[in-house]
Amino acid sequence: MTKFALFIPLSIAALFGAETLIRVDASRGCAFIGELQEEIRYNQNGNNVGALAVSRIMAHSGLKPNFRVAAADVPNACAVIEGNERLILYNEAWMRELTESTQTDWSAYAILAHEVGHHLQGHTLTNEGSRPHLELESDTYTGFVLKNMGASLAESLAVFQTLPDVETATHPARSRRLVAVTEGWNRAQRLAGEHEQTTPAARQSFSQFHGRVGRLEAIFSLAWHDQGSVSGSYYYPAWGKEKTYHLIGSTQPDGQLYLEEFYQSKITARCHLTQRGEGANRRWEGTMYNTDGRIFPMSFSSGAPARQPAARTNGQGEQNAKSAISHGQGFVGKLDASFSLTIDEAGKVSGSYYYPARGREKTYRLDGEISSGNLMILREYTGSELSAICELSKVRQGSQEVWRGTMKNLDGRQFQMGFSF
Ligand SMILES: [Zn+2]
């Protein structure tokens, strides 16, 4: 560890007191967002609110705190190792701003718990650095420990809601991180619930829903419990009731529904759905991420069986009389692409695209939805087969609508994509 007192600008020295400069091996550290910087200055003995928070987190993990926690000149927060010492460093102003903008102190706990998770799960010992799958492990730990500390699911998710929904080389997209936090939170709730489940009062009435997972019709039986937890099961009529999948999860006041799918007590998928409509018209639409990597659109609603979204064979989708077709230019990977999309009042999107370089004969059908105004999920079909899921964010408003994001092909390939109208 290098003492760096000579080179500290006076103002920072006055602010921080004794400073330490460390050089960081980026492959042995994890940042909360983005890449790790190579040189970090941290304050050795400042007024350390973070250390108190971390000791609370550790108490709920049943472990002795053995980290050095300090404010530092990092852009957000990180977990690194310096010699034999495990460090958790954070930017005080950034943390304060997030706590204020999300209106909950739990955001600071969530950030620090995420960094604790990196250390406890050995991520700072490998030379992988920040990697999407390691980030998800830490996010799951965050949900778990925050639930144990008394945070609601919404409070646990608050800071993650502020992240961009774009996957990078180091970090997964927001939607994946929300699912991971929810998974940990649900796991803690399940463990806590095991002590209480002996009372028959916990039994709730289940409602039946009809829907689809991928292209298969599915029948869901779900109950909404107190404090937003949801449980139930579903099966595919085509396969018979013997193969029933269990679902457990939670719902949020804004209509987001997170479910984990279990088959024979093993987790097999994580689902993220959004509620649309109210009362008898309620329906849920979203995506199922299977643990084996397959991704399916899923939806269900009360009442009559849902119409089949993938059954349209004319390639263009139905045209809503109230909506106009927008033609836009864009790209998928390195290829220019030409898009025609219809967006109706409810945020339903349908249309198609083709690559001018390859000709119009090879046109891909798209359907999907816009949620919360600036997140678009599109499913791409090649023929009648689902071939990709696209997650896009609106990056510019005004006279031109610009959408950017990622296309995840079901064969594993992934492309940047974007278009504007
Ligand atoms: Zn991280």
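Ala31 sits opposite Cys78, a residue of strand β6. Before going on, a word on what we are looking at. This is a predicted model, in which local features need pLDDT of at least 70 and side-chain atom pairs count only at pLDDT 80 or more, while totals for chains, interfaces and linings use all residues. Residues are numbered from 1 along each chain as its sequence is written.

Helices (H or I, at least four residues) and strands (E, at least two) are DSSP runs, numbered from the N terminus. Two strands pair if DSSP finds at least two bridges between them. The strands β3 and β6 (residues 77-82) are antiparallel, with 3 bridges.

Which order do the strands of this open sheet take? The order of the 4 strands is β3-β6-β7-β5, and the pairing is mixed. The edges are held by β3 (29-31) and β5 (68-71), each with a single partner strand, so one side of each lacks a neighbour in the sheet. From one strand to the next, the twist averages 20°. Angles here run from 0 to 180 degrees between N-to-C directions, and axes are lines fitted to C-alpha atoms, for helices over the stretch in contact.

Helix α2 (residues 49-61) lies across β5 and β7 (85-90), at about 145° to β5.

**Two helices**

Two packed helices are described by the angle between their axes and the distance between the axes. For helix α4 (residues 106-120) and helix α6 (residues 153-161), the axes come within 8 Å and cross at roughly 70°. That makes α4 roughly perpendicular to α6 (65 to 115 degrees counts as roughly perpendicular, under 35 as roughly parallel, over 145 as roughly antiparallel, and the rest as oblique). On the α4 side the contact is made by Trp106, Ser107, Ala110 and Ile111, and on the α6 side by Glu155, Ser156, Ala158 and Val159. Contact means that C-beta atoms, placed from the backbone, lie within 7 Å. These residues divide into 5 nonpolar, 2 polar and 1 charged. Ala, Val, Leu, Ile, Met, Phe, Trp, Tyr, Cys and Pro count as nonpolar, Asp, Glu, Lys and Arg as charged, and the others, Gly among them, as polar.

Is β20 (residues 375-382) largely enclosed or left open? Of its 8 residues, 7 are buried, so the strand is largely enclosed by the rest of the structure. Buried means 20 or more other C-beta atoms within 10 Å of the residue's own, exposed means 12 or fewer, and partly exposed is in between, with C-beta atoms placed from the backbone.

Strand β19 (residues 363-371) pairs with β20 in the antiparallel sense over 7 bridges, and Glu369 has Ile377 of β20 as its bridge partner. The two form a hairpin with 3 residues between them, where Ser372 in the turn has a positive phi of about 50°. Strand β21 (residues 385-396) also runs antiparallel to β20, joined by 8 bridges, with Met376 opposite Leu392 of β21. In that hairpin 2 residues lie between the strands, and Gly383 in the turn has a positive phi of about 65°.

On confidence, pLDDT is the predictor's confidence in each residue, from 0 to 100. The chain's mean pLDDT is 81, with 86% of residues at 70 or more. Where pLDDT is low, the predicted coordinates should not be read in detail.

Definitions and conventions. Two residues are in contact if their C-beta atoms, placed from the backbone, lie within 7 Å.
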